[in-house]
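Trainee: Could we read a structure together, with you giving the general idea of each feature before turning to the case at hand?

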Amino acid sequence: MSRMKTQWFFLGVILLWMSGCTAVQVQQKSAVNFDEYRKFTFVKPDIQGNKNPLYKSGITDEMIQNAIASELTKKGLVQDDNQPDLLVSTHEYFENKTQQVANPAYPYPYYVPYNIWYRSRWMPVGYSYYYQPWNSGYHTEHYTEGTLIVDVIDAKTQQLLWRGSLENPVNDPAGLAKQFAHEAEKILARYPEHLQHS
């Protein structure tokens, strides 16, 4: 594996580790009986959180909404665009960040003699080839962090009832739709269960 490929491999491992370490953040209005809310629809926010067309498309929005609708349906709600109890809004934000990362541990060879037991005696067998990790310091990595926010709003009072969010590195703009759809599922998994299904 070339040095460049090794660096990209370790960067991928680090970003994957960072992705695994992030957790869904939830804010919830107190003293709310979520079981009273049965129907929802989607609305578009007037907040422009992203201006880069690489990170914004109708395909991404549709996949996010489908993932949210699927999770809410599992929890006993139904989508009703005419008389909803809840308004569901999503926001996506992107921020360029940097971090200090340890350089990959490049191996270097050294040799150690060893013996084998053969015909009732020890026999020397030249040298054995070993690898020893060597860290050559740290370097700065630049990456883009994407944040998906899901707001659930009371349709009558326009009060925010519930908010879930998740931050993760964005590795590939072309795969953003799938990534955010998966993250939408993780976020809505934290939405309160309905005690009674229709």
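Trainee: Among contacts between residues at least 6 apart in sequence, what share joins residues at least 24 apart?

Mentor: Contact means heavy atoms within 4.5 Å, and among such contacts in this protein between residues at least 6 apart in sequence, 77% join residues at least 24 apart. The model is predicted, with local features needing pLDDT of at least 70 and side-chain atom pairs pLDDT 80 or more, whereas totals for chains, interfaces and linings use all residues. Residues are numbered from 1 along each chain as its sequence is written, and side-chain values use heavy atoms, with hydrogens and water left out.

Trainee: Which elements make up the protein?

Mentor: Helices (H or I, at least four residues) and strands (E, at least two) are DSSP runs, numbered from the N terminus; here there are three helices and eight strands.

Trainee: Why is strand β7 described as largely enclosed?

Mentor: Buried means under 20% relative accessible area, with a 1.4 Å probe and protein chains only. In β7 (residues 138-154), 13 of the 17 residues are buried, so the strand is largely enclosed by the rest of the structure.

Trainee: Which strands pair with β7?

Mentor: Two strands pair if DSSP finds at least two bridges between them. Strand β4 (residues 86-102) runs antiparallel to β7, joined by 17 bridges, and E92 stands opposite L148 in β7. Strand β8 (residues 160-169) also pairs with β7 in the antiparallel sense, over nine bridges, and there N168 is the bridge partner of G146. The hairpin of β7 and β8 has five residues between the strands, and Q158 takes a positive phi near 60°.

Notes
Buried < 20%, exposed > 50% of the residue type's maximum accessible area, 1.4 Å probe, protein only.
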